[in-house]
Amino acid sequence: MRMYIFTDGTTIQTIEDINTDAMGYFSVANSSRTANNFGGGIINILDYKNTSKNKSVLARTGRAQQASGTTGILMSAGQWASTSAVDTITFGMFAGEGNFVTNTTFALYGIKTA
Amino acid sequence: MPATYNAIATTTLTATAASISFTSITSSYTDLVVVVKAKSAGNNTTFGLKFNGDTGSNYGSGYMGGQNGSTLTTFNSGTSASFNAQSQSSEFAPNVIHILNYANTNMQKLMFSEVNQPNGYTLQYCAIWSNTSAITTIDVGNFDSAGNHWVTGTSVTIYGIAKA
């Protein structure tokens, strides 16, 4: 399941999808952008190894260019309906939307238990 | 803060000022987080970030959010990456700005922030500096007029997020 609220700087839209094969909607820049213009964001996976809970994700992602009308801000939530501990994460584009380009980066951090 | 957040520098104003500057920022982190608690001497609630002394029109900033049941969204380009949340009330409004890959010379610099203002705004920002240079200097402040400069007690802290 995944849902989001999105703006292009002019209007705000929301959507919810259930029974999906991946969790989360995240925003990236596409091929219309200059080579060095990337989208990005911060994704939090809550209680990732808690075997009593389904896994939830909260994210704020987006893309921007200096020119007006080329922004996108996306806040999203999602759920993986499984209580298994997360030990593998795969990021990918939706089907038919191409591949990540060279210099795309991901950094994975763990937040220590108090 | 998680243990991966290292405080690089902090400044608290002891007199009204247009901006707070951080220089010689090390490139040894993955991301930067700028925590602003600010109050304007005037009625302007927008402030900006400039990087590496770039005062040109090389920045863009947009937001979406709400206030008292109304939705808000816009996007602007300008001479700084602009954000909201410098309060005009008795409160110092908070803003946490996350700058991604600030030292990566293959990317223009993208940043996000979340804003909650004492007068009822909640906003999600996305902004960009259209430059691939590593960020080594950050000026944070209200650059538009002296009447809106930041008051005593306004503080800015920069954290570096440690590389894996």
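The secondary structure of chain A in this predicted model comprises zero helices and five strands, where helices (H or I, at least four residues) and strands (E, at least two) are DSSP runs numbered from the N terminus. Read from the N terminus on, the elements of chain A follow the pattern β-β-β-β-β. Residues are numbered from 1 along each chain as its sequence is written, and chains are lettered from A and ligands numbered from 1 in the order in which they are written. Because the model is predicted, local features need pLDDT of at least 70 and side-chain atom pairs count only at pLDDT 80 or more, whereas totals for chains, interfaces and linings use all residues.

Along the principal axes, the C-alpha atoms of chain A fill a box of roughly 45 × 35 × 30 Å. Of the 114 residues of chain A, 29% count as buried. A residue is termed buried if 20 or more other C-beta atoms lie within 10 Å of its own, exposed if 12 or fewer, and partly exposed in between, with C-beta atoms placed from the backbone. Two residues are in contact if their C-beta atoms, placed from the backbone, lie within 7 Å. Among the contacts in chain A with a separation of 6 or more, 51% are between residues 24 or more positions apart.

The strands of chain A form an open sheet of five strands in the order S2-S1-S5-S4-S3, with antiparallel pairing; two strands pair if DSSP finds at least two bridges between them. The edge strands are S2 and strand S3 (40-46) of chain A, each of which pairs on one side only. From one strand to the next, the twist averages 10°, with axes taken as lines fitted to C-alpha atoms (for helices over the stretch in contact) and angles running from 0 to 180 degrees between N-to-C directions. Strands of a sheet pair through backbone hydrogen bonds, either parallel or antiparallel.

Within this sheet, strand S4 (residues 55-63) and strand S5 (residues 72-80) of chain A run antiparallel and are joined by nine bridges.

Gly9(A) lies in the loop between strand S1 (2-7) and strand S2 (12-17) of chain A. This residue counts as buried because it has 22 C-beta neighbours inside 10 Å. Although Gly9(A) and Thr70(A) are 61 residues apart along the chain, their C-alpha atoms are separated by 8.0 Å. Asn103(A) is found in the segment after S5 of chain A. Its phi is near 80°, a positive value in a residue other than glycine. Asn103(A) has 13 C-beta neighbours inside 10 Å and therefore counts as partly exposed.

In chain B, Ser24(B) also has a positive phi, near 55°, in a residue other than glycine. Ser24(B) is located in the loop between strand S2 (19-22) and strand S3 (29-39) of chain B. With 8 C-beta neighbours inside 10 Å, Ser24(B) counts as exposed.

Strand S4 (residues 46-51) of chain B is largely enclosed by the rest of the structure, because five of its six residues are buried. S4(B) pairs in the antiparallel sense with strand S7 (residues 81-84) of chain B over four bridges, and Gly48(B) has Ser82(B) in S7(B) as its bridge partner. S4(B) likewise pairs in the antiparallel sense with strand S12 (residues 138-141) of chain B over four bridges. In that pairing, Phe51(B) is the bridge partner of Ile138(B) in S12(B).

Ile138(B) also belongs to the largest nonpolar core, which has 54 residues; Val34(B) and Ile138(B) touch the most other members. A nonpolar core is a set of buried Ala, Val, Leu, Ile, Met, Phe, Trp, Tyr and Cys residues joined through C-beta atoms within 7 Å. Leaving aside residues up to four places away in sequence, Val34(B) touches Ile97(B), Ile99(B), Ile138(B), Val140(B), Val156(B) and Ile158(B).

Between the two chains, 31 residues of chain B are in contact with 28 residues of chain A. On the side of chain B that touches chain A, two or more residues come from each of strand S5 (59-67), strand S6 (70-78), strand S10 (109-116) and strand S11 (121-129) of chain B. S6(B) gives the largest share of this side, six residues.
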